[in-house]
Amino acid sequence: MEAHLRTIFALMVISLFAAPAARAQALVDPSKVAPEYREAAEKRRAEQIRQRECGRRADADKVLPRDRTAYLNHCLEAMAAKQ
């Protein structure tokens, strides 16, 4: 029984460390995309950078999880208005 609990505990620890890495999305690299899709890849990369910046601001401002979506939407709209 004790070995079973150790196994469960070990799996829980591993899953906690693996979860943040699994949810992070890699930035698109336009140089590794076929030339006909490069413009779309550049736009996607710019959007990813804006999203990461707003996420970083939300973390810095210690936004509660329940308010995070509204905060991110407002941040992204404000960034779009500036451009």
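Buried residues make up 12% of the 83 residues in this protein chain. Buried here means under 20% relative accessible area, exposed means over 50%, and partly exposed lies in between, with a 1.4 Å probe and protein chains only. What we have is a predicted model, where local features need pLDDT of at least 70 and side-chain atom pairs count only at pLDDT 80 or more, while totals for chains, interfaces and linings use all residues. Residues are numbered from 1 along each chain as its sequence is written, and side-chain values use heavy atoms, with hydrogens and water left out.

First, the overall layout. The chain has three helices and zero strands, in the order α-α-α from the N terminus. Helices (H or I, at least four residues) and strands (E, at least two) are DSSP runs, numbered from the N terminus. The chain exposes about 7,000 Å², and carbon and sulfur atoms supply 61% of that; accessible areas come from the Shrake-Rupley method with a 1.4 Å probe, and for residues only the protein chains shown count as cover.

Now helix α2. It has 23 residues and reaches 33 Å from its first C-alpha to its last, close to the 33 Å expected at 1.5 Å a residue. The expected span is 1.5 Å times one less than the number of residues. Ala-41, Gln-48, Arg-50, Cys-54, Gly-55 and Ala-58 are buried in α2, and what covers the buried residues of this helix includes α3, residues 65-82. After α2 comes Lys-62, with a positive phi near 55°.

Next, one residue from that list. Gln-48 sits in α2, which spans residues 38-60. How buried is Gln-48? Its relative accessible area is 3%. Which residues is Gln-48 in contact with, leaving aside its neighbours within four places in sequence? They are Gln-25, Ala-26, Leu-27 and Val-28, where contact means heavy atoms within 4.5 Å. Leu-27 is 21 residues from Gln-48 in sequence, and the two are 6.7 Å apart in space, C-alpha to C-alpha. As for Val-28, the side chain of Gln-48 reaches its backbone nitrogen at 2.9 Å.

Last, a figure for the chain: among contacts with a separation of 6 or more, residues 24 or more positions apart account for 23%.

Conventions. A polar contact is a pair of N or O atoms within 3.5 Å; within protein, one must be able to donate a hydrogen and the other to accept it, and residues adjacent in sequence count only if both atoms are side-chain atoms.
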